[in-house]
Amino acid sequence: MKLPGSLRNVLEAVRKVGRPRLVGGCVRDWLLGLDYHDFDIEVAGVDFETLRRALAPFGATDVVGRSFGVIKLNLDGSSYDFSLPRRESKVGAGHRGFAISPDPSLGDAEAAARRDFTLNAIAWDPFEEALIDPLGGKADLDARVLRHASAAFTEDPLRVLRAFQLAARFDFALAPETATLCASIRDSMQELPVERVWGEWEKWATKSIRPSRGISVLEQTDWLVHFPEIAALRGTQQEPEWHPEGDVLDHTSFCLDALVGLEAWKSFDASRRQLLTFAVLAHDFGKPATTVRAERGGRTRLVSPGHDVAGVPLAASFLRRIGAPLDLDGPVMALVSRHHAHHDGQQNGFSDAQIRRLSRRLEPATVEDLAVVMHADNLGRPPLESPDTIQLIELLRERARELRVQQGAPRPILGGRHLIQLGMEPGPDFRPILDAAYDAQIEGAFSDEPGAEAWLRERLGQNHAD
């Protein structure tokens, strides 16, 4: 493992008083061939004060918690966590119900056993350049299996949600015996503060390489019961001719995996990733309540009329359930309610006003966001392919670019200053006029300032005549 030179100097000093090991995610990611930046160091054989004194000459140190035995060292713009091995025991309900005591005398195997999964319990000796793997984590990592490190796994229910997001982030499967343990603590999720629940969902939404793996973990462990909007998708059947892939949960899983497989996904920032992931997850939440058998094209088929609109309140309830930021609600619900908008162009294409109205109704999401959601939706029906649908989506994108509304609705041309210039006094009469002006602009009544001013003079003249 390659370490920053400055960190290696610190480890050399720490080595004189204790036994430093690289632990946790940095070792896992290194072994997976991924970038690793967050270095956590566990130091055995030394007491807290001696370790703090050894670190002090290298930079500012923050004691995260003496009872946890953690010291944060700020060095050359980076932050490193140094900790002592510790014992943990469950003494009460909730994530705070643990008695934690640093124990410098713990051996490698005992220290590893307190971690969540075997593949997160692998340590690296930077001086011997050797793996320390008492729980067989390397074999599980090679097999891409999440397996609990010890029976103490059940003491913290958050570990189930960690399994959910880790499976999705690294395309891991859950060991059957670990799934059984997770199911045994299903009812303990109520102990988790919603902010900790959100922390795991956020990682799932922004870092997954195969989101469906996470959904599978929730289903395997019976934790899907805590997310009824998703659970209801299982068993909701679809018309086989249009959806040969299976029920609505199967479809949603394929859509999520298709989303992160799109080339553009790698260029998205975390906020856009989470918006699009939750929009795709929720896009068919309305189907369980709206799916019926009805005649279409001379035969009886399974259809879900109005499921896009019906999914909106369910998307909102789900986001609140997992503790998502409130500013996600609006754009996610806008995308869910309009994920069939491309079908509006099937007959005669898209009019300018149609696209401008769409861009306005989507805000703060965009037509480009909607195109990505629709593309993932279309790809979520294997082995069915629909070039005509892709063509419609691309046509919508192209027309939005031509109108310069692919990244947001057009800005209002007419403002308060135009009303003042015509001699109006600022007041409550402004808002109805400005709203009407923006509606007219969206409908194509004018496209520049002279046109807006002409529209305004005509309107005020008409109003005066009235």
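Predicted model: local features only at pLDDT ≥ 70, side-chain atom pairs only at ≥ 80, totals over all residues.
A polar atom of the Ser208 side chain lies 2.5 Å from the backbone oxygen of Trp204. Residues up to four places away in sequence aside, Ser208 touches Ala168, Arg169, Lys203, Val260 and Trp265.

The other serine, Ser337, belongs to helix α15, which covers residues 329-337. Ser337 has a relative accessible area of 16% and is likewise buried, because this value is under 20%. The side chain of Ser337 makes a polar contact of 2.9 Å with the side chain of Arg338. When neighbours within four places in sequence are set aside, Ser337 is in contact with Asp308 and Val312.

Attention now turns to the second largest pocket, whose volume is about 680 Å³. Its lining is made up of 32 residues, and those closest to the centre of the pocket are Trp242, His243, His340, His343 and Arg381. Several elements take part in this lining: at least two residues each come from β13 (299-303), α14 (307-321), α17 (367-379) and α18 (387-402). Sorted by class, the lining of the second largest pocket holds 17 polar, eight charged and seven nonpolar residues.

Definitions and conventions: Residues numbered from 1 in each chain as written. Heavy atoms only, no water. Polar contact = N/O pair within 3.5 Å; in protein donor to acceptor, adjacent residues only side chain to side chain. Contact = heavy atoms within 4.5 Å. Helix = DSSP H or I, 4+ residues; strand = E, 2+ residues; numbered from the N terminus. Buried < 20%, exposed > 50% of the residue type's maximum accessible area, 1.4 Å probe, protein only. 1 Å grid on protein atoms, 1.4 Å probe; cavity = no way out; pocket = protein on both sides within 12 Å on 5 of 7 lines; lining within 4 Å. Points joined across faces, edges and corners; volume = space filled by probe spheres on them. Nonpolar A, V, L, I, M, F, W, Y, C, P; charged D, E, K, R; others polar.
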